[in-house]
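Q: Could you take me through the aromatic rings in this one, pair by pair, with the geometry and how open the rings are?

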Amino acid sequence: MNNYIREHTAQIDYSLPFGKDDNQIFETGAKLIMRHNSTYSFTQYGKTEQDAEIDKNATTEMNQNQNVSSLYATYTGTFGKINASGGVRYEHTDMGMENLLDSRDKFWRSLNDIVPNAAVSYVFSPASNLRLAYQMRISRPSLSQLSPYRFSFTEDMVQQGNPDLSSEKNNTISLKYSNFTPLIGGNIGIEYSQTSNAISDYAIWEDGRQVYTYANIGSRKRVALNGFLMYNISSKMTLNISGSVSYTDLKAKSLNQSNSGWGGNYNVNWNYTMPGDVKCYAYGGQAVHMVNLQGYFSGWYYYGLGFSRDFLKNKKLNVAVNASNFLTKYSHFRNVVETSEFKRIGKSKNQQMNLSVTLSWKFGNSKMERKKTSKSIQNDDESKSGKSQNGGGIGL
């Protein structure tokens, strides 16, 4: 399988401060995302790798286009110790797909979404505040989730997308307390999220084959406790720790199936400046037991260690060495899918050992300060259901 993804984004924003001491801000803007994705996949069958031949019936070549245009307006106001904000965004999506190898029908569809958000904060001190927020997030189906054409992983395992998928609408309410000092700081929060039209990956038994596909059939409810801790151990050493514990409940009435369970993740980062201006850092983390509609994914872990140092005048040259996941040759994964008709346990291993040496050279000696825009482009609107890192269907 070979997927090629091209994405172009254009964005314009306008900000208007007003009120006493400009304590209120009105913002509006527009954004356009243009995606053109293509994929080519084929399956080879044979008793040996040398004898394997391409099965033309299991070959696909297709293009997908997705254009997203949006308009937004927000209001932010500061009134003493209280900060309040609210806004709304309208999004229009045109997307479609065509198969280049045969005469199977093209498909094209449009989506219209209205996305609200609001938040209020109480500031105890310049370093401490309490924030209550509501946010709706839109997650659009991805290329593999939309593709109506079948791809055979094995003779008895098939993946097929669903071109009728619509966007997920996830509603989240969160409460977070933050407190930072020069020595130690962090935040802790609790959130509740609910999605009534979640894109769920599931498997059915059809003509002696397991067919994995997607549909907007899921009801997903999730409660999570999140935390972050920053500790400046000394002027040359820092430690950051973050983590989350969550409980997820999934239901699909049309399939008469449900699942629930606990999950969690954590991440640790340690930084130390050694004598001779050598910077040393170590990091690691893990995600455990992520449930999906018909089973669970065991999760994964990672770790690494690195050193870096600047050389020459004005620190023009930087040399860095990094090693990750080096204690074992393979990382192992386990994915379980279970229904009333069958149970499949998938085990896989990936060689994730990595060693890198990086050289960076700074040209010129410009010390001009550049003003950084308060707005940045970040496209994270596509659904993640079905991907291995989230415990998706096939788990490959």
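A: Tyr-301 is partly exposed, at a relative accessible area of 34%, while Tyr-303 counts as buried at 17% (buried is under 20% relative accessible area, exposed over 50%, partly exposed in between, using a 1.4 Å probe and protein chains only). Bear in mind that this is a predicted model, where local features need pLDDT of at least 70, side-chain atom pairs count only at pLDDT 80 or more, and totals for chains, interfaces and linings use all residues. Residues are numbered from 1 along each chain as its sequence is written, and side-chain values use heavy atoms, with hydrogens and water left out.

The structure has 9 aromatic pairs (rings of Phe, Tyr and Trp, the last by its six-membered ring, pair if their centres lie within 6.5 Å; planes under 30 degrees apart are stacked, over 60 edge-to-face, the rest tilted). One of them is Phe-124 with Tyr-177, edge-to-face at 6.2 Å centre to centre and 65° between the planes. Phe-124 sits in strand S7 (residues 107-125) and Tyr-177 in strand S11 (residues 168-180), so this pair ties together parts 53 residues apart in sequence (strands are DSSP runs of E, at least two residues, numbered from the N terminus).

Lys-349 lies over the face of Tyr-330, 4.4 Å from the ring centre.

Conventions. Helices (H or I, at least four residues) and strands (E, at least two) are DSSP runs, numbered from the N terminus. A charge sits over a ring if NZ of Lys or CZ of Arg is within 6 Å of the ring centre and within 35 degrees of the ring normal.
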